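Dear colleague,

I am handing over the structure below, and my notes on what was found in it follow. Please read them with the model open beside you.

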Amino acid sequence: LHSRIPFEETQLIFDKKKGKRKIILSTNIAESSLTIPDIHYVIDFCLQKLLMADQHTNYVALKLQWADKNSCTQRKGRVGRVHTGSVYRLVPKGFHNKFCESQTAEMIRAPLEKVILDTKLLDFGAPKELLALAIEPPKLKNIHKTTMRLKEIGALYRTVNGRIVLDDGDLSVLGEIIASLPLDVCLGKLVMLGHLFNILDECIIIAAGMSCGTLFSMPFGNKLKAYGDKLYWADRS
């Protein structure tokens with residue numbers, strides 16, 4: 001059970017079959033308000049994957065980490081709603097007690113490109129001043145690095161009202177367009193360049209393909225057929 005499974009397949013978790021035991025392997029989608037009536041046991045590995053950016057390279061990836069206490073409590077809530085149940089956490093109790101209460105805000109973990117572009121669109125002053133008002137504000141060095149990257153891309157100018165500023169810059173026309181697109185800043189620039197070089201359709205298709213997972217379905221139990229379909233579409237390429 002995870003977010004990429006088609007809706008029709010997720011409905012199978014509610015089916016009841018007499019004389020059969022149901023075992024559901026789930027990602028942190030199980031922390032949602034989803035209630036499966038016939039669940040009696042939860043086995044929690046106390047792990048989770050979080051979207052994080054590397055401090056040095058700004059490369060974004062899902063990293064496996066220990067879950068926080070709030071997430072573990074949410075997982076525990078999958079039983080005990082319609083009948084009694086048991087929860088088994090596969091870590092020592094003392095180790096679990098050392099978990100943090102809640103995870104760091106995504107604004108601190110993930111890249112800030114779109115956030116900073118949005119602050120520039122709002123025209124509320126320098127990004128560092130506006131983001132400082134957040135409940136968990138990002139680090140100043142992250143704001144500085146992100147601003148420099150946006151300047152390299154061409155989304156921000158080097159200056160503010162004609163004056164060179166290191167951690168701020170006026171929004172360029174390219175920056176306004178990128179900020180309005182529901183894409184990563186680099187993919188937004190790709191679409192913009194596609195328009196300039198009269199290959200917009202091709203660039204939109206490439207950007208759409210790169211902004212999500214694989215477009216091929218890999219249904220459980222039919223992986224061999226799915227692989228055969230990929231070979232068919234590859235046409236010996």
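Leaving aside neighbours within four places in sequence, Ile143 is in contact (heavy atoms within 4.5 Å) with Leu112, Ile116, Lys128, Leu131 and Pro138. This is a predicted model, in which local features need pLDDT of at least 70 and side-chain atom pairs count only at pLDDT 80 or more, while totals for chains, interfaces and linings use all residues. Residues are numbered from 1 along each chain as its sequence is written, and side-chain values use heavy atoms, with hydrogens and water left out.

Ile143 is also among the residues that touch the most other members of the largest nonpolar core, which has 15 residues; such a core is a set of buried Ala, Val, Leu, Ile, Met, Phe, Trp, Tyr and Cys residues joined through side-chain atoms within 4.5 Å. Apart from it lies another core, of six residues, including Leu1 and Val79.

Finally, His96 is buried, with a relative accessible area of 12%, where buried means under 20%, exposed over 50% and partly exposed in between, with a 1.4 Å probe and protein chains only. Beyond its neighbours within four places in sequence, His96 is in contact with Cys46, Lys69, Cys72, Arg89 and Val91.

With best wishes
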